[in-house]
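Subject: Structure for you to look at

Hello,

Here is the structure I said I would pass on. Please open it and keep it in view while you read the notes below.

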Amino acid sequence: MKHTLLAALAATTLLGGTAIADQTEISRSITDIAAGADRHDWERVRGAFADTVTSDYTSLWGGDPVTQPADELVAGWSGFLPGFDSTHHMVTNHSITSIDGENAVAEADFTATHRIGDGLWTLGGRYTYELTSSGGRWLVTSLTMTALWETGDRGLVATAGERAAQAK
């Protein structure tokens, strides 16, 4: 009886440790995308993605979700985000909604502030992430942004793109 109880406790501890490690790595990938983008640390951003990623920003821009190499997605972001004087993508309330073997789904709330001079565009909503486990990391294979509110000048995105293009 004592052996069975110890074995059950050991298994629970190991499984709990794995679950905690998974949650930590999933949150790390989510954070690496937002914090890396704000710091223009494109290697950090790229390291959070699988080689191919689907991004869905249709709730904000319309159109269709896009599946592309992660390098192209990151190149797109690096082509306009530096055109802002500053950005702050605060991603909070990470919630892992499912882990099934090598696949996971997570959600997080966000507020994204973009500034040029005195102009601001702030957006808030939720992200849903699909991830896959690879080499001890959880990598994002899909992200869907659901815009819930915005304030300020959305036109700053175009201005940022122009400024970034001129700086090259």
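This is a predicted model: local features need pLDDT of at least 70, side-chain atom pairs count only at pLDDT 80 or more; totals for chains, interfaces and linings use all residues.

Residues are numbered from 1 along each chain as its sequence is written, and side-chain values use heavy atoms, with hydrogens and water left out.

The sheet

Helices (H or I, at least four residues) and strands (E, at least two) are DSSP runs, numbered from the N terminus. Two strands pair if DSSP finds at least two bridges between them. Six strands make an open sheet with mixed pairing, in the order β2-β1-β6-β5-β4-β3. Its edge strands, β2 (66–69) and β3 (86–100), each pair on one side only. From one strand to the next, the twist averages 20°.

Four bridges join β1 and β2 in the antiparallel sense, and S55 stands opposite V66 in β2. β3 and β4 are also antiparallel, over 12 bridges, with S86 opposite R115 in β4. These two strands, β3 and β4, form a hairpin with two residues between them, and G101 in the turn has a positive phi of about 65°.

Two helices belong in this picture. For the angles, axes are lines fitted to C-alpha atoms, for helices over the stretch in contact, and angles run from 0 to 180 degrees between N-to-C directions; contact means heavy atoms within 4.5 Å. α4 packs on the sheet and touches β1, β2 and β6, with its direction at about 60° to that of β1. α5 lies across β4 and β5 and runs at about 80° to β4.

The core

A nonpolar core is a set of buried Ala, Val, Leu, Ile, Met, Phe, Trp, Tyr and Cys residues joined through side-chain atoms within 4.5 Å. Buried means under 20% relative accessible area, exposed over 50%, and partly exposed in between (1.4 Å probe, protein chains only). The largest core has 37 residues, of which F49, W77, Y129, V140 and L143 touch the most other members. Elements that give two or more residues to this core include α1 (2–39), β5 (119–134) and β6 (137–152). β4 gives the largest share, six residues. Leaving aside neighbours within four places in sequence, the contacts of V140 include I33, F49 and Y129.

The aromatic rings

Rings of Phe, Tyr and Trp (its six-membered ring) pair if their centres lie within 6.5 Å; planes under 30 degrees apart count as stacked, over 60 as edge-to-face and the rest as tilted. The whole structure has six such pairs. F80 and F84 are edge-to-face because their ring planes are at 70°, with centres 6.4 Å apart. F80 is partly exposed at 25%, whereas F84 is buried at 4%. The rings of F110 and Y127 have centres 4.9 Å apart and planes at 45°, so this pair is tilted. The pair links distant parts of the chain, F110 in β4 and Y127 in β5, 17 residues apart. Y57, F110, Y127 and Y129 form one aromatic cluster.

D56 is in strand β1 and is buried, with a relative accessible area of 14%. Apart from neighbours within four places in sequence, D56 is in contact with P65, L143, T144 and M145.

Regards
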